[in-house]
Amino acid sequence: MSFREKHLWISIVTTVAIWGFYYWRLIEAIGAGGLTDPRFAFLTGGLFIGCLVVVSVVEIILTLLATATTRKAEREARDERELLASLKASHVSLMALIALVFSLAIAAYMVGFLDAAAPAGPKLPMTPTNAMILFANILMAAVIVSELIRYVFNVALLRRAY
Amino acid sequence: MAPLLGKPPPPIRNRIRELRFHAGEMTQAALAEKIGMTRQTIVAMEQGKYSPSLEAAFRIATVFGVEITEVFQWEG
């Protein structure tokens, strides 16, 4: 396995494990009525920063391990096949991100529109502050999903020789 | 519409494996190092799954001290 592929696997594992944990806890908090809790921003913010630190530390450690188990010439090779696979995966990932953000924009507009047009007036089960925090998390999820698509697609391209 | 994971490789045959054998059984890793690529790419080329750029093709031919057409042949 090339250094590039090892690094992609590291990113896949850390992204799925750590951000999966973060969003699992976020969904649990929302299920427990967190969207009306004035501490929601602090709780999710703290968890987010904690996960960001853990992702960084785990990626650094695993990358050091991958570096130690890969020959120097292999690490420093500027391989055209890997570059082509990376460019193609980035393109697919960007298209996915655009589609996700566009879908989210439509969904957010529809939620706002339907809430405003409700006969009894706006009544979303969340505070305006928490609505912003929730939307920020959903946008972040779109970025994470698009990155995950890039990693997985890149590995798939490398595995089939590009 | 092109398949998501790319089109099939072009009909280009190569003699890299044979030339490695005649070059003192040069390893894939040694060839990869000489041309600044990964061993996995040499494997992909030998299996006919990947066709290198013109620059990489020239580098490979130079390593073996032969003309580029002695390494790669169009089969279309």
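Before you start, one definition: helices (H or I, at least four residues) and strands (E, at least two) are DSSP runs, numbered from the N terminus. Residues are numbered from 1 along each chain as its sequence is written, while chains are lettered from A and ligands numbered from 1 in the order in which they are written. This is a predicted model, where local features need pLDDT of at least 70, side-chain atom pairs count only at pLDDT 80 or more, and totals for chains, interfaces and linings use all residues.

**Exercise 1. Find where B:E25 sits, and work out what its phi angle looks like.**

Step 1: Look for B:E25 in the loop between α1 and α2 of chain B.
Step 2: Check the backbone: the phi of B:E25 is positive, about 55°, although this residue is not a glycine.
Step 3: Count neighbours. A residue is buried if 20 or more other C-beta atoms lie within 10 Å of its own, exposed if 12 or fewer, and partly exposed in between, with C-beta atoms placed from the backbone. B:E25 has 8 other C-beta atoms within 10 Å, so it is exposed.

**Exercise 2. Describe the overall build of chain A.**

Step 1: List the elements. Chain A has 5 helices and 0 strands, and from the N terminus on they run α-α-α-α-α.
Step 2: Compare the radius of gyration (taken over C-alpha atoms) with the globule rule, which is 2.2 Å times the number of residues to the power 0.38. For the 162 residues of chain A the rule gives 15 Å, but the radius of gyration is 20 Å, well over that, so the chain is more spread out than a compact globule.
Step 3: Look at the dimensions: the C-alpha trace of chain A spans about 65 × 30 × 15 Å along its principal axes.
Step 4: Check burial. Buried residues make up 17% of the 162 residues in chain A.

**Exercise 3. Work out how α1(A) and α2(A) pack.**

Step 1: Get the geometry. Axes are lines fitted to C-alpha atoms, for helices over the stretch in contact, and angles run from 0 to 180 degrees between N-to-C directions. Helix α1 (residues 3-31) and helix α2 (residues 40-68) of chain A meet at an angle of about 160°, their axes 10 Å apart.
Step 2: Name the arrangement. Angles under 35 degrees count as roughly parallel, over 145 as roughly antiparallel, 65 to 115 as roughly perpendicular and the rest as oblique. That makes α1(A) roughly antiparallel to α2(A).
Step 3: Sort the contact residues. Ala, Val, Leu, Ile, Met, Phe, Trp, Tyr, Cys and Pro count as nonpolar, Asp, Glu, Lys and Arg as charged, and the others, Gly among them, as polar. The contact of α1(A) with α2(A) has 17 nonpolar, 4 polar and 3 charged residues.
Step 4: Zoom in on A:C51, which is in helix α2 of chain A. Two residues are in contact if their C-beta atoms, placed from the backbone, lie within 7 Å. Leaving out residues up to four places away in sequence, A:C51 touches A:I18, A:W19, A:F21 and A:Y22.

**Exercise 4. Decide how enclosed α3(B) is, and what it packs against.**

Step 1: Start with its partner. Helix α2 (residues 28-35) and helix α3 (residues 39-46) of chain B pack at about 110°, with their axes 8 Å apart. That makes α2(B) roughly perpendicular to α3(B).
Step 2: Count burial: 6 of the 8 residues of α3(B) are buried, so the helix is largely enclosed by the rest of the structure. Those buried residues are B:R39, B:Q40, B:T41, B:I42, B:A44 and B:M45.
Step 3: See what surrounds them. The buried residues of α3(B) pack against α3 and α4 of chain A, together with β1 (12-14), α1 (16-22) and α2 of chain B.
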